[in-house]
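Notebook open, structure up on the screen. I'm jotting down what I look up as I go.

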Amino acid sequence: MLLRRFYDPKLAQASYLLGCTTTGEALVVDPNRDIHHYLKAADAEGLRVAHVTETHIHADFVSGARELAQRAGARLYLSEAGGDSWRYGYFAEADATPLREGSRVRVGAVELQVLHVPGHTPEHLTLLVTDTAGASEPMGAFTGDFIFVGDVGRPDLLERAAQMRGTMEDSARQLFRSLQRFRTQPDYLQIWPGHGAGSACGKSLGGVPQTTLGYEKRFNWAFGIADESEFVRAVLTGQPETPPYFAQMKRINQSGPRLLGGNRRPARLPLETLASVLEQGGTVVDTREAQEFVLGAVPGTIDIPVNRAFTTWAGSVLPYDRDFYLIIDDRRGHTVDELAKDLSGIGLDRLAGYFGTDTVEAWRTSKGQLQTIPTLTLAQVSSQLRADHVTVLDVRGEGEWKSGHLPGSLNVPVGTLGGRVNEVPRSGPLIVHCQTGARAAIAASLLRARGFTDVRLFSGGFAEWRAAGLPEG
C-alpha cells in the first residue's frame, strides 16, 4: 500500500492518493480542482488513477472529483447517505457508484469500508482503510471534515452557509452521536483529516498533518464532553465567521462543478482595455500589497493582496456571475497561471484577462492622478472620533466586534460589505479598521470603488486601540 498526502495551504485543504503497488491501481480522496498533480504523482509511482471519491459535499472549495474521474477514466464513488435533499445532482450523468453505510471499495489489495458519520453534513462519510496484504483490521481512516487534529467539523454550515434554517442544533446532535459511535474504533487508528489549521470548517484545527484516534480521545475537546446537550452548546459556540462564498461552493459541488478541460490562459490586456472595463462598471482587482495600493491605485479598482488569505477574500468580494480582471504584481513573481488556478479552486472561473503592474504607472502618466487612501495613526483616530460627523466602520467579524470595539463603531464584516454598502453612511469622513489592518484595506478599497469619496484607513486597528488602553464600546 502507498499513501500520499497533498496539501493546499491557501485552502488549508488535504487530499490523498491511496495506491496498491501490486496491481497498480490508485484511488484519490477529496481531490481539489487542480487535478494534474494527482495524475502526475500517480504516474511517478507507476500507478493508474482508477477510483475517485470524496467524503462529503464540500463548502470551502470546488471539488475536482468529477473532472479527475472523467480525465483518468476512473470510477467515481459518491455518498448517497444524506437522503433526497443531499444527493449529487450529477450522479447519474457521471455514472457514479453510490456509497452508504457498509459499502466497500477495493483498490487492489487495499479495502475501504464506508461509515456514515452525519453531523458536519448529512451525507458525510468516513473511509476505514485496511491493507489486506498484511492485515485484517483497519490501519487508518479518511475522516474528511468529521474529525480533525484537535477539533471536529462544524455542524452549523448548513444553516449559516446554505441558509437551511433551524438545522444547526440537529446537526450538532448528529455529530455527537457519530463521535460516540466512532470512538469505539481502536486507539491506534490513524486519522487522515481533510483540513488543517486556518480552515473555516472548524474553530481550533491543529497544524500537524495527521493524528491517531487514541490521541484525539485524550486531547480533542470534542471527545472530552460526555453530555449531548453540553456538546451541542460547546460546538456551536465560537465558530468563525462563515465566508459568504461557502454557499456558492455547496451549490456548485452538489449540482456538479463545471468541467474545465483545456481552458486557455487569460490574456494580458492593454491600458485602453482597463479604462474601458472600469468605465463600464467592471470589477478589477489589484493584487499589490495594501501599503502600495493606498499610496496610489487606479481609481475604481479593489485591493486583494496575494497571500494565504487571497482566495478567502476573493471568494467573498468577487462576482460569480460575471467577468472580472486582475492587476498582477509580477515584480513579486506572481503569475496569471498561479492566480487563475487559485481562483478556479473556489469556482471563480470568469477571469477574463489581466494587466501588469506597469499599468498603474501607465495610468498615472496617461490618464491622470491615481487614487490614494489616507492612513491614520492612533492619535489621529482618537482625535477625529471627537468629531460627531465621523463614522467608524469596523469590518471584523460580528463575534470579534461583540468582544470589544471602538466606541460608536458600525460593524459590517468585510465578507458581507459588498452586499451591505447601503448600510454605510456616505456623508462625512469614514474611518475603516479591522484587527490589524489587512481586512480594512480590502474594505476601504471596495468602498472607494463603490463611490465613497472620504475613506480613511486605520491600519493599526483594534489591536493597537486596545493595547493603548483606550475606551471601548
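How exposed is leucine 3, by relative accessible area? I find that leucine 3 is partly exposed, at a relative accessible area of 32%. (Buried is under 20% relative accessible area, exposed is over 50%, and partly exposed is in between, with a 1.4 Å probe and protein chains only.)

Housekeeping before I go on. This is a predicted model, where local features need pLDDT of at least 70 and side-chain atom pairs count only at pLDDT 80 or more, while totals for chains, interfaces and linings use all residues. Residues are numbered from 1 along each chain as its sequence is written, and side-chain values use heavy atoms, with hydrogens and water left out.

**Entry: around leucine 3**

Leucine 3 sits in strand S1 (residues 2–8).

I traced an open sheet of six strands, ordered S1-S2-S3-S4-S5-S6, with mixed pairing. (Two strands pair if DSSP finds at least two bridges between them.) S1 and strand S6 (97–99) are the edge strands, each pairing on one side only. The twist averages 25° from one strand to the next. (Axes are lines fitted to C-alpha atoms, for helices over the stretch in contact; angles run from 0 to 180 degrees between N-to-C directions.)

Strand S2 (residues 13–20) runs antiparallel to S3, with five bridges, and leucine 17 stands opposite valine 28 in S3. Strand S3 (residues 25–29) runs parallel to S4, also with five bridges; there leucine 27 has histidine 51 as its bridge partner. Is S4 mostly covered or open? Strand S4 (residues 48–53) is mostly covered, with five of its six residues buried.

Then the helices. Helix H1 (residues 36–44) lies across S1, S2, S3 and S4, at about 155° to S1. Helix H2 (residues 65–72) lies across S3, S4 and strand S5 (75–79), at about 150° to S4.

**Entry: the four-stranded sheet**

I found an open sheet in the order S14-S13-S15-S16, paired in parallel. Strands S14 (302–303) and S16 (351–356) have a single partner each, so one side of each lacks a neighbour in the sheet. Strand S15 (residues 324–328) is joined to S16 by five bridges, and phenylalanine 324 has leucine 351 as its bridge partner in S16. Helix H11 (residues 336–344) packs on the sheet, touching S15 and S16, at about 140° to S15. (Contact means heavy atoms within 4.5 Å.)

Which residues of H11 are buried? Val336, Leu339, Asp342, Leu343 and Ser344 are, and the buried residues pack against helix H10 (310–317), S15 and S16.

Threonine 184 counts as exposed, at 65% relative accessibility.

Terms used. Helices (H or I, at least four residues) and strands (E, at least two) are DSSP runs, numbered from the N terminus.
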